Amino acid sequence: MSAQATGNDPARDEWYAVGISAYLRSGDTRETVLMEEPIRIMRGAGGSLSVTRADGTNCPVLERYGHVWTSLGKPDHALFDIPEDVQAGRTLVDCGAVRVRCSPLRAVENFLDIAHFPYVHTDVLGSEPHTEVQPYKVHVEEKSDEVWATNVRFYQPQAAKSAEGGIVTEYMYRVPAPTTAILYKTCPPRPGEWDIITIFVQPLAEDLCDVWPWMALFDDGNSVTDLIHFQQMIFLQDRAILENQMPRLLPLDPKMEIPTRADLTSVAYRRWLKRRGMTYGAQTEAA
Amino acid sequence: MGLRLYDYILSGSAYKARLMLALLSVPYETVTVDFYPGEEHRQPDFLDHNPAGTLPVLVDGDLVLTDSSAILAYLARRHDPSGTWLPDDAATHAQVLQWLAFSHRLTATAGAARLHDMINRDLDVDAARRGAHQAFRELDGHLTERAFVGERFLVGAGPTIADIACFAYVALSPDGGIEHDDYPALRTWVDAIKSLPRFIEMPGIHALHGLRDDNPGTVKSSQAAQ
């Protein structure tokens with residue numbers, strides 16, 4: 001919060017998803033909010049997009065991964081790359097935003113957490129008594145400055161819409177930007193490939209966000225609607241938990257919460273946020 | 001030819017139909033409709049089935065039902081040989097109809113607040129929440145009186161379709177910022193419904209945790225839909 005006061009908040013220079021490309025046709029307008037600031041997205045007759053603030057000034061805009069992206073500041077970096085976006089054979093699924101009364105950073109952190117599967121997504125992504133999180137690895141990729149968790153393994157009764165029966169699913173997690181998380185998971189119909197499930201989080205305020213799940217899946221036989229419903233079912237199970245987390249803002253002070261081994265990704269994510277000065281939605285000092 | 005349910009996983013009204021089908025052990029086929037974000041319920045193909053563009057829709061042969069209360073009544077008449085879910089007795093039957101009508105108030109208030117909070121539906125959420133609390137007070141008052149005479153459900157001697165109709169949007173209301181803390185009789189009633197054999201969940205409505213392993217009749221919604 002102090003960073004915003006000085007006007008140097010790095011959160012303002014990040015790209016954020018603020019709408020689904022396909023649902024904005026020529027002549028359509030969508031009004032939304034980004035970091036407490038009202039913005040208007042418009043698609044002109046020629047198909048080009050503009051994002052404007054209340055004072056009429058334009059924001060940078062681009063379309064990728066099914067979504068419209070913008071920024072309140074001046075992003076000095078390209079939008080992160082998701083190469084699976086253009087890989088042949090994948091179904092790309094826009095799931096729509098789900099609004100959650102929580103910090104945008106908490107939404108990402110929850111997405112990175114495996115330990116909650118058996119308790120929140122009971123009999124779908126996890127089940128009792130298979131609650132143990134096996135040791136896994138976390139590192140910050142130096143070149144791209146991204147948080148990665150690898151070698152994550154978990155027993156799941158129904159890991160994906162296309163999975164029949166329980167399997168041990170292997171995962172990787174990738175955080176390419178402070179409010180984006182990508183999950184790579186074993187793809188039952190295509191051994192050797194990874195399904196990817198992503199959340200793009202649009203911060204409306206420090207304690208309110210729209211979460212845009214997006215998927216790039218190899219899937220046999222399921223309709224896009226079925227895939228959306230599966231993802232929405234999972235995400236709505238998370239929503240109730242997220243809205244009840246205290247404190248609402250994500251604590252970045254290591255004194256505030258005691259992590260366990262299973263929280264390795266969360267610890268790395270919080271440190272990484274702190275290093276980048278990404279404090280929008282965070283609590284930096286023990287209250 | 002079997003039953004076909006046009007369904008949306010997050011719809012409380014569609015859940016009423018799914019729950020009733022599960023409680024009566026009636027097999028059915030699901031047609032998933034992309035209500036959000038795709039708004040498939042407003043497309044011509046869907047409007048052919050239901051010009052009102054609402055979910056759920058239950059199809060049984062030539063019969064097409066588009067109102068959740070009508071669907072509950074049909075399922076009870078057609079698939080409940082015991083007749084307890086929709087009793088014949090004139091007074092009890094009329095009371096069931098009264099609570100079915102009341103359930104639409106819950107949809108319009110608690111259900112609307114949930115759509116606002118969850119998918120940013122444009123509406124007056126304060127008015128929706130006030131309306132929901134008023135309806136909850138009435139429901140809680142009624143259930144308190146029922147408890148005094150030893151009854152756990154809204155009408156008659158056991159659970160009826162009135163309970164199922166009212167349950168969905170009461171149980172989902174925390175999704176719309178409406179908590180149950182001030183309504184003790186309502187909470188007890190919610191647990192009584194969750195204790196019914198073959199009860200199913202939906203996102204936002206959890207089974208009673210202790211019953212998960214002990215009650216073989218309790219199944220998860222994801223399995224029940226298969």
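Select chain A. Colour by secondary structure to find five helices and 17 strands. Keep in mind that this is a predicted model.

**Stop 1: the whole chain.** How does its radius of gyration compare with that of a compact globule? A compact globule of 287 residues would come near 19 Å, and chain A has 19 Å, so the two agree. Of these 287 residues, 44% count as buried. Now think about sequence distance. Take the contacts in chain A between residues at least 6 apart in sequence: 60% of them join residues at least 24 apart.

**Stop 2: the side facing chain B.** Show both chains. Here 20 residues of chain A are in contact with 17 residues of chain B. Which elements of chain A give two or more residues to this side? Select β9 (98-100) and α4 (224-243). The largest share, nine residues, comes from α4(A). Colour this side of chain A by residue type: nine residues are nonpolar, seven polar and four charged.

**Stop 3: the core.** The largest nonpolar core has 138 residues. Which of them touch the most other members? Select A:A107, A:V211 and B:I161. Then move to chain B and pick helix α6 (residues 161-171), which gives this core its largest share, ten residues.

**Stop 4: one residue up close.** Centre on A:V211. Set aside its neighbours within four places in sequence. A:V211 is then in contact with A:A97, A:V98, A:V100, A:A107, A:I199, A:V201 and A:F235.

Key: Residues are numbered from 1 along each chain as its sequence is written. Chains are lettered from A and ligands numbered from 1 in the order in which they are written. This is a predicted model: local features need pLDDT of at least 70, side-chain atom pairs count only at pLDDT 80 or more; totals for chains, interfaces and linings use all residues. Helices (H or I, at least four residues) and strands (E, at least two) are DSSP runs, numbered from the N terminus. The radius of gyration is taken over C-alpha atoms; the globule rule is 2.2 Å times the number of residues to the power 0.38. A residue is buried if 20 or more other C-beta atoms lie within 10 Å of its own, exposed if 12 or fewer, and partly exposed in between; C-beta atoms are placed from the backbone. Two residues are in contact if their C-beta atoms, placed from the backbone, lie within 7 Å. Ala, Val, Leu, Ile, Met, Phe, Trp, Tyr, Cys and Pro count as nonpolar, Asp, Glu, Lys and Arg as charged, and the others, Gly among them, as polar. A nonpolar core is a set of buried Ala, Val, Leu, Ile, Met, Phe, Trp, Tyr and Cys residues joined through C-beta atoms within 7 Å.
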